[in-house]
Amino acid sequence: MRLRLKLSAEERRTLREMGIYHPHARTRMRAQGMFRLAQGLTLQQVADEFEVHLNSVENWRRRWDEFGLVGLFEGRHTGRPPKLSDEERRQHSAI
């Protein structure tokens, strides 16, 4: 079991602001989760609070330990390429 997450004042401030203002909801949740771990909650308590699987919180913590703040950002998602080009999307949105 890992000990309580130790954060600098700068990291605390950054996580607090990310947890409120980041444009992606999952990144906001990860930042809030790390902040809650630093407050002394266990991995399971954070998982329960955010209604996610324990493995998710373990992954957040592992990525934090390995990459720091960058580890909380959303990775690249695969999927079907867009049907419209950037130019076609701009034209379509102007209509």
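This is a predicted model: local features need pLDDT of at least 70, side-chain atom pairs count only at pLDDT 80 or more; totals for chains, interfaces and linings use all residues.
**View 1. Arg 30 and Glu 74 form a salt bridge.**
The closest N and O atoms of Arg 30 and Glu 74 are 3.0 Å apart. Arg 30 lies in helix 2 (residues 25–38). Glu 74 sits in the loop between helix 4 (54–67) and helix 5 (86–94). The pair therefore ties together parts that are 44 residues apart in sequence. Arg 30 has 14% relative accessibility, under the 20% limit, so Arg 30 counts as buried. Glu 74 is partly exposed, at 27% relative accessibility.

**View 2. Arg 36 meets Glu 49 in a salt bridge.**
The N to O distance between the two side chains is 3.0 Å. Arg 36 is partly exposed, with a relative accessible area of 25%. Glu 49 is partly exposed too, with a value of 39%.

**View 3. Helix 2 crosses helix 3.**
The two axes come within 10 Å and cross at roughly 140°. That angle makes helix 2 oblique to helix 3, because only angles over 145 degrees count as roughly antiparallel. The crossing of helix 2 and helix 3 is right-handed. On the helix 2 side, the contact comprises Met 29, Gln 32, Gly 33, Arg 36 and Leu 37. Helix 3 brings Leu 43, Val 46, Glu 49 and Phe 50. The contact residues divide into 5 nonpolar, 2 polar and 2 charged.

**View 4. Arg 89 and Asp 86 pair within helix 5.**
The closest N and O atoms of this salt bridge are 2.2 Å apart. Arg 89 and Asp 86 are 3 residues apart in helix 5, so about one helical turn separates them. Arg 89 is partly exposed, with a relative accessible area of 37%. Asp 86 is partly exposed as well, at 48%.

**View 5. Arg 26, Arg 30 and Glu 74 form one network.**
Salt bridges that share partners join these residues. The Arg 30 to Glu 74 link is the salt bridge of View 1. In the model as a whole, the count comes to 8 salt bridges. Side chains of opposite charge can pair when their charged atoms come close.

Notes:
Residues are numbered from 1 along each chain as its sequence is written. Side-chain values use heavy atoms; hydrogens and water are left out. A salt bridge is a side-chain nitrogen of Lys or Arg within 4 Å of a carboxyl oxygen of Asp or Glu. Helices (H or I, at least four residues) and strands (E, at least two) are DSSP runs, numbered from the N terminus. Buried means under 20% relative accessible area, exposed over 50%, partly exposed in between (1.4 Å probe, protein chains only). Axes are lines fitted to C-alpha atoms, for helices over the stretch in contact, and angles run from 0 to 180 degrees between N-to-C directions. Angles under 35 degrees count as roughly parallel, over 145 as roughly antiparallel, 65 to 115 as roughly perpendicular and the rest as oblique. A crossing is left-handed if the near helix is turned anticlockwise from the far one by less than a right angle, and right-handed if clockwise. Contact means heavy atoms within 4.5 Å. Ala, Val, Leu, Ile, Met, Phe, Trp, Tyr, Cys and Pro count as nonpolar, Asp, Glu, Lys and Arg as charged, and the others, Gly among them, as polar.
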